Amino acid sequence: MTIADRNELRQPAYGEAHGVAWLAAELWDHLWPWAGRGQPARKAIQGAGFALAIAATVAWVLAAMGRLEAGAIIGWWFGWSVFEVIVRLDAKPYVKEGPWWGHLYRRATVMDMICYVSFKNLLIGAALFIGLRTLGIVQV
Amino acid sequence: MISLRALRTFAPRFAARLGAGIAALALSGSALADTYEVKLPPELASSPKMCDYAPCKDVMPGATHFSERKGQPPFVEAYRDEAGEQKLIGYVMLSTDITDIPAYSGKPVVTLIGMDTAGKFTGVKILKHSEPILLLGIPESALIKFNNQYLGKFVGDNIEIGKSRPEENLIGLDAITGATVTVIAQNQVMMVSGGEVAKQVGILKPVIRPQAKFPPAGPAPSWAQLVEDGSVQRLTVKPEEVGLKSDGRPYMDLWFGYLNQPTIGQAILGKDGYASLMARLKEGEHAIFIVADNSMDSFKGSGFVRGGIYDRVQVRQGGDSFTFRDLDYLNLWGISAAGAPSFTESAIFIIRGKSFSGAFPWKLVFLGNKIDKETAAKTFANFDKEYWLAAKYLEGGRPVVVKPDPTWLKVWKERAVEIGAFIVVLLALSAAYASRDKLVRRSTHKNKWPVNAFKYTGWVLSIGFVGFYAMAQPSITQVLTWFHSLLFQWKWELFLSDPLIFVFWIFIIVTTFVWGRGFFCGWLCPFGSLSELLFKVGQAVGLKRFQFHLPQALHDKLKWVKYAVFFGLLAVSFFSMGLAEKLAEVEPFKTTFLVGITNRSWPYSLFAASLLGLAIFMERPFCKYLCPLGAALAMPTTFRWFGLKRKDECTSCKACAKGCGSLAIDAKGNIDQRECMLCLDCMVFYYDDHACPPLAQERKRRTKAGQPLTPINGKGYFIPIHPAPVDKKKEGAAA
């Protein structure tokens with residue numbers, strides 16, 4: 001065990017799933033920051049999160065249509081990432097402990113969540129950005 | 001140990017002084033940046049009178065006047081008045097007129113080069129560069145000194161960076177320590193620029209290649225077949241590659257091919273067209289065709305005037321370039337091959353240079369201008385595509401062609417032993433760390449040599465070999481460069497040019513995800529190793545009573561400073577990479593390893609010396625509170641796969657937390673992996689039945705009860721003693 005205090009452990013709803021179902025649940029968990037059925041979450045943060053996510057999605061769509069500059073889409077993505085930290089701390093306040101293929105999760109501190117969201121969104125953002133740039137839609 | 005009150009007073013002052021020091025460093029750096037990102041007059045790149053905008057006399061001593069730009073690629077002639085007559089004494093060229101080879105920054109070093117009529121370099125002057133390493137770490141005078149090595153050397157000589165090898169006719173130039181990539185690029189710029197002009201003016205003679213022999217024409221292939229076997233090639237330039245906004249079309253979309261080959265020529269032109277073309281060509285002349293469709297611009301060039309040069313396309317074979325004038329142009333009315341695309345612009349160009357051979361590979365080069373979005377300045381950029389006839393179209397097949405290694409590969413070959421040794425060291429230390437469970441079991445809290453032998457070896461090698469000898473200290477500037485490259489333009493060649501840094505980074509990325517940043521920071525970072533080694537030496541020479549660590553509460557606040565530094569640098573880099581590079585001087589790495597503490601101006605030396613001096617009394621102050629690289633690596637450490645072990649009792653027992661030099665064990669007994677340097681001291685405790693309180697307690701209890709001390713299991717406890725179940729059969733037999 002790499003954690004001394006077992007009270008720090010948190011198990012998400014899908015934590016006991018196995019195989020493909022667990023992988024699919026993990027993927028969904030990475031992409032969907034909001035709480036699922038039966039999970040507590042504050043309505044105001046959920047609502048604001050949805051609104052900002054729609055705005056960020058529109059920003060990506062505008063970028064895909066070639067109507068948003070590279071700097072603007074990076075700014076939008078950064079802004080959304082900041083809010084995603086708040087949304088996740090409210091709705092899914094846990095991070096993986098140990099290897100990605102493991103089933104151990106722990107309570108996320110603010111720094112844990114910043115690290116998680118920034119790293120995940122860097123990968124997602126870079127993939128989308130490079131894709132758009134390769135298609136010649138976004139120019140730098 | 002120093003009192004807490006003194007520490008509380010000292011720490012904020014220390015932080016404030018560090019901040020002021022960093023600001024002073026950033027400001028003082030600008031004084032060294034004479035040509036760094038300097039704004040050049042736009043006419044320099046476009047005006048026929050180049051020398052009105054460039055100090056041509058500086059690179060061509062004795063010249064009294066200069067011609068307008070001429071030739072392709074352009075150069076100017078330098079003249080001297082002698083007895084009322086003008087005598088040609090040499091040539092002056094602007095490197096960016098000829099080549100767009102980028103240096104470490106990804107941008108070319110704009111260089112003015114003078115060469116006399118005998119092909120010897122007479123002067124070299126840097127007009128503009130974007131090299132961060134020359135901004136602060138290494139004075140520009142080093143690049144000037146490097147360039148002066150070319151003076152008097154012949155353009156046709158085999159000049160490379162490194163040692164001279166007379167047996168190979170190779171002239172070596174001394175590199176600039178710490179700026180290897182920059183000088184390798186600069187050498188290419190010098191030799192390509194000088195070579196191009198020397199060939200135009202007849203100083204260098206073209207290479208004569210054996211001419212191709214073709215088999216008789218076969219059945220005419222379709223367009224698709226021609227494309228498939230490489231007889232027709234495509235060169236596409238995207239708008240963003242020349243700094244233009246996309247309108248859905250490529251900036252340039254060219255199909256091209258070689259027409260002298262009978263099967264291909266007849267497929268493209270038809271039998272009559274091919275015969276007519278061949279009848280027009282003299283011996284040793286060659287024809288190629290180019291068609292373009294739906295492009296944003298013309299490959300012939302809108303500025304082309306009769307009698308002039310087609311300045312947008314040329315053919316290159318080896319070191320020889322072939323440009324086209326109006327007399328080299330023929331109309332191409334149509335393409336016979338079935339399935340050929342429509343086109344809006346077409347041409348047949350005749351290559352008249354005698355050195356060209358259809359049997360050898362050649363390139364069609366599109367010469368463009370890239371527009372800088374911020375300054376609207378145009379810089380030269382070329383795009384090329386290789387063409388080589390398939391073996392079936394040549395009698396006897398393709399000749400053997402030995403292509404020169406790319407520059408990065410030459411560097412890897414030259415440093416193969418160093419690279420190999422470095423990889424072995426990294427793998428050996430990784431193997432040692434992977435065996436940490438065995439090593440810590442062999443150690444005790446009083447004798448940690450089974451672990452420390454490997455760790456100290458890592459420190460010594462990283463300080464001596466990686467830091468001072470190979471100068472491969474990883475830096476936050478590399479992270480910023482990668483981040484920008486990932487988003488904007490990734491060039492493998494750029495990163496491969498420095499093999500040890502490249503290997504080190506792959507190692508760092510892998511080990512950070514497997515074990516966390518602690519393995520690099522704690523075992524292999526040259527500066528971190530030097531810091532902790534100084535701390536250990538301080539301990540050994542009797543300074544232990546002066547050594548201290550900050551109170552946990554203060555440490556828990558100050559540790560965030562490094563993250564602020566990292567995010568600050570990242571944010572600044574989006575607005576100005578140059579400023580971010582300056583601010584990255586918060587890392588004392590350049591001062592310590594690249595330039596040397598005694599070789600830099602006093603603010604840098606004082607900063608690095610202060611950090612190292614403080615490290616004698618406080619364990620790794622820079623790593624804990626300031627290092628942006630450590631912060632960048634700490635973030636993914638959140639997801640490291642394999643952490644250090646803890647027991648349930650660690651929540652209440654503070655034994656190993658008390659000895660944690662990294663202050664990484666919190667009040668609940670959990671290890672903050674982002675702060676942990678993986679020194680393994682706590683893991684030694686974990687298995688030590690004389691140090692770990694729960695183990696020691698159990699040991700004493702068993703000893704008192706006369707029970708055996710069973711081995712300690714992986715969870716850090718003695719294997720429980722369970723009474724063996726009584727074998728009833730045996731019991732019965734005995735009865």
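In which loop of chain B is B:Y393 found? In this predicted model, B:Y393 sits in the loop that runs between β16 (378–387) and α10 (407–414) of chain B.

The surroundings of B:Y393 can be described by counts and contacts. B:Y393 has 23 other C-beta atoms within 10 Å and is therefore buried, the cut-off for that class being 20 or more. Leaving aside neighbours within four places in sequence, the residues in contact with B:Y393 are B:F214, B:S231, B:Q261, B:T263 and B:I264. B:K120 is 273 residues from B:Y393 along the chain, and 42 Å separates the C-alpha atoms of the two.

Chain B also contains an open sheet of 5 strands, ordered β8-β9-β10-β14-β13, with antiparallel pairing. Its edge strands, β8 and β13, each pair on one side only. Strands β10 and β14 of chain B pair with each other over 7 bridges in the antiparallel sense. Within β14(B), B:S346 is the bridge partner of B:V291.

| Strand (chain B) | Residues |
|---|---|
| β8 | 232–237 |
| β10 | 286–292 |
| β13 | 329–330 |
| β14 | 345–351 |

In soluble globular proteins, nonpolar side chains tend to be buried together. Here the largest nonpolar core has 89 residues. Those with the most contacts inside this core are B:V440, B:I476, B:L569, B:A632, B:L678 and B:C682. For B:V440, the contacts beyond four places in sequence are B:V451, B:L680, B:M683, B:V684, B:Y686 and B:Y687.

Note on methods. Residues are numbered from 1 along each chain as its sequence is written. Chains are lettered from A and ligands numbered from 1 in the order in which they are written. This is a predicted model: local features need pLDDT of at least 70, side-chain atom pairs count only at pLDDT 80 or more; totals for chains, interfaces and linings use all residues. Two strands pair if DSSP finds at least two bridges between them. Helices (H or I, at least four residues) and strands (E, at least two) are DSSP runs, numbered from the N terminus. A nonpolar core is a set of buried Ala, Val, Leu, Ile, Met, Phe, Trp, Tyr and Cys residues joined through C-beta atoms within 7 Å. A residue is buried if 20 or more other C-beta atoms lie within 10 Å of its own, exposed if 12 or fewer, and partly exposed in between; C-beta atoms are placed from the backbone. Two residues are in contact if their C-beta atoms, placed from the backbone, lie within 7 Å.
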